Amino acid sequence: MREYIARVIASPIQPWDTMLCTSPSVRDALTAMYEGHADFLAGRFGGSGDKPRPFPAMPVIPLGVEVDDIQTLIDQPGTRAGVRKKLGIADDEIVVLWVGRLSYFEKAHPSSMFLALEAAAQSTGAKLRMLNVGWFPGGEQDCKLYEESARNHAPSVKVQFLDGNDRPLVDRVWAGADVFISLVDNIQETFGITPIEAMAAGLPVVMSDWDGYRASARDGVEGFLIPTLLPPPGSGWLMAQRHIMSMDSYQDYTGVVAMHTAVDISAASAALEALIRDPDLRRRMGEAGRQRARAMFNWPVVVDQLVAHWAEQAERRASGTSHDAAPENFPVSPVKGDPFTDFVGFATASLSNDTLISATKEARVRLAAAQATSIDGVMDIWHGSSADAVLEHLQQQGPCRVEALTALLVGQPAEQGARLLVWMAKMGVLAWAREADVDC
């Protein structure tokens, strides 16, 4: 994906083009990648670097959640008691909740959370229960790995795994929890919806100081951001090369990077301890989260930002101020262009406006046969359904130049008319001559 996104700057990007970023961290990473890729291309091909670099606009606009739906359901009388009764949760238990994929290679390694919970349980003496609501991409084998990690790292905590595909349960489980935890350590996590849902539901959050999470909640206000640590730059070059050469899968690559990304266990356990000991702190942070979710991440708020940005970009486009060529003269990338241009040398000839077209003797029979043969019409969206009109004109008027024939096809783009003529020639309905010396 990075390679795909980086290619953008070698395309005819203009000031009104946009790469939406869901967080400042994403924007910073993209900016660094674009700058580095531009330097690489300049060094490779001798660019002077004296012109402004044509990057797309990169506004930070988050994803959103349905705050009203979440809060309406959570606030219904009896929702919390009903969820806790269904799950057998005692009144004196503190419930710490995780919602999302249960994937140590694509989301978060669970051992960090289990370790922090165990330390908090030992320090406070509280009865802790962790609800893991999600699904295992790796199936039963991954479930066993998680269960083993819970047994080894959090023996004092009751750890449960619940079906994240049970929509009614997921919608209500927020109400039964006291704290939300998500110590994400994975580079594929660029935003994070579940922390926003947790805040909308009024839960204080304990989550890693990581990428988009960092912009979701404020440390000490809606919850706690737990410090993270990476190895020094340059330490992962071989990891990336193995993935690039298809020696390691995407999952293996993200998993090995996550395995070498640390989340501060002591800070996480301290945050949990503070929330466990102080119900009023849980309430204050939860209420702050509800307000922040409504003010910043409610879908109507996000959509307003999108609409405003679209309007701004439309104004830029209307102004005609471009990075280089005028809009009507945009260059086409030679590696992702028109196949009939890129492979023109494959064929003997290429249809032109001066190519002379005529109907074959068997034209009518062959066209009828082609129209009745399924395999001959599988791509007809590309050439339309005006073959009968073209053939009738040729049979009445005699051979014609392509330019005259395509002019007959009112309402069709010229390129569609050209494709139609070649398809008819393919079916043996039409014949073509290299030189045209006959007018219609």
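Me: Which residues of strand S4 (residues 179-182) point one way, and which point the other way?

Reply: In a regular strand the side chains alternate between the two faces of the sheet. In strand S4, Val-179 and Ile-181 point one way while Phe-180 and Ser-182 point the other way, and all are buried. Buried means under 20% relative accessible area, exposed means over 50%, and partly exposed lies in between, for a 1.4 Å probe and protein chains only. Strands are DSSP runs of E with at least two residues, helices are DSSP runs of H or I with at least four, and both are numbered from the N terminus. Please keep in mind that this is a predicted model, in which local features need pLDDT of at least 70 and side-chain atom pairs count only at pLDDT 80 or more, while totals for chains, interfaces and linings use all residues. Residues are numbered from 1 along each chain as its sequence is written, and side-chain values use heavy atoms, with hydrogens and water left out.

Me: How many bridges join strand S1 (residues 93-101) to S4, and how many link S4 to strand S5 (residues 205-208)?

Reply: Strands of a sheet pair through backbone hydrogen bonds, either parallel or antiparallel. Two strands count as paired if DSSP finds at least two bridges between them. S1 and S4 run parallel and are joined by two bridges, with Val-96 standing opposite Val-179 in S4. S4 also pairs with S5 in the parallel sense, over three bridges, and there Ser-182 faces Met-207 in S5.

Me: How many bridges does S1 share with S2, and how many of the residues of S2 are buried?

Reply: S1 and S2 pair in the parallel sense over nine bridges, and one place to look is Leu-97, which stands opposite Leu-131 in S2. Seven of the nine residues of S2 are buried, so this strand is largely enclosed by the rest of the structure.

Me: In what order do the strands of the open sheet with S9, S10 and S11 lie?

Reply: The order of these three strands is S10-S9-S11, and their pairing is antiparallel. Strand S10 (400-401) and strand S11 (430-433) stand at the edges with a single partner strand each, so one side of each has no neighbour in the sheet. Strand S9 (residues 356-359) pairs with S11 over four bridges in the antiparallel sense, and Ser-358 has Ala-431 as its bridge partner in S11.

Me: How many aromatic pairs does a search of the whole structure find?

Reply: A pair of aromatic rings is described by the distance of the centres and the angle of the planes. Rings of Phe, Tyr and Trp (its six-membered ring) pair if their centres lie within 6.5 Å, and planes under 30 degrees apart count as stacked, over 60 as edge-to-face and the rest as tilted. The search finds seven such pairs. One of them is edge-to-face: Tyr-104 and Phe-105 lie 5.0 Å centre to centre, with 85° between the planes. Tyr-104 is partly exposed at 27% relative accessibility, whereas Phe-105 is buried at 15%. Phe-136 and Phe-161 form a tilted pair, 5.7 Å centre to centre with 55° between the planes. Phe-136 lies in the loop between strand S2 (127-135) and helix H6 (140-153) and Phe-161 in strand S3 (residues 158-163), so the pair ties together parts that are 25 residues apart in sequence. Phe-136, Tyr-146 and Phe-161 form one aromatic cluster.

Me: Where do Asp-211 and Ser-246 lie, and what is the phi of Asp-211 and of Ser-246?

Reply: Most residues other than glycine have a negative phi, and most peptide bonds are trans. Asp-211, in the loop between S5 and helix H9 (213-216), has a positive phi near 45°. Ser-246, in the loop between helix H10 (237-244) and helix H11 (250-259), has a positive phi near 65°. Asp-211 is buried at 16% relative accessibility, whereas Ser-246 is exposed at 64%.

Me: How many helices and strands are there in the protein, and what is its radius of gyration?

Reply: There are 19 helices and 11 strands. The radius of gyration is 31 Å, well over the 22 Å that the globule rule gives for 440 residues, so the protein is more spread out than a compact globule. This radius is taken over C-alpha atoms, and the rule is 2.2 Å times the number of residues to the power 0.38. Along the principal axes, the C-alpha atoms fill a box of roughly 100 × 55 × 45 Å. Buried residues make up 42% of the 440 residues.
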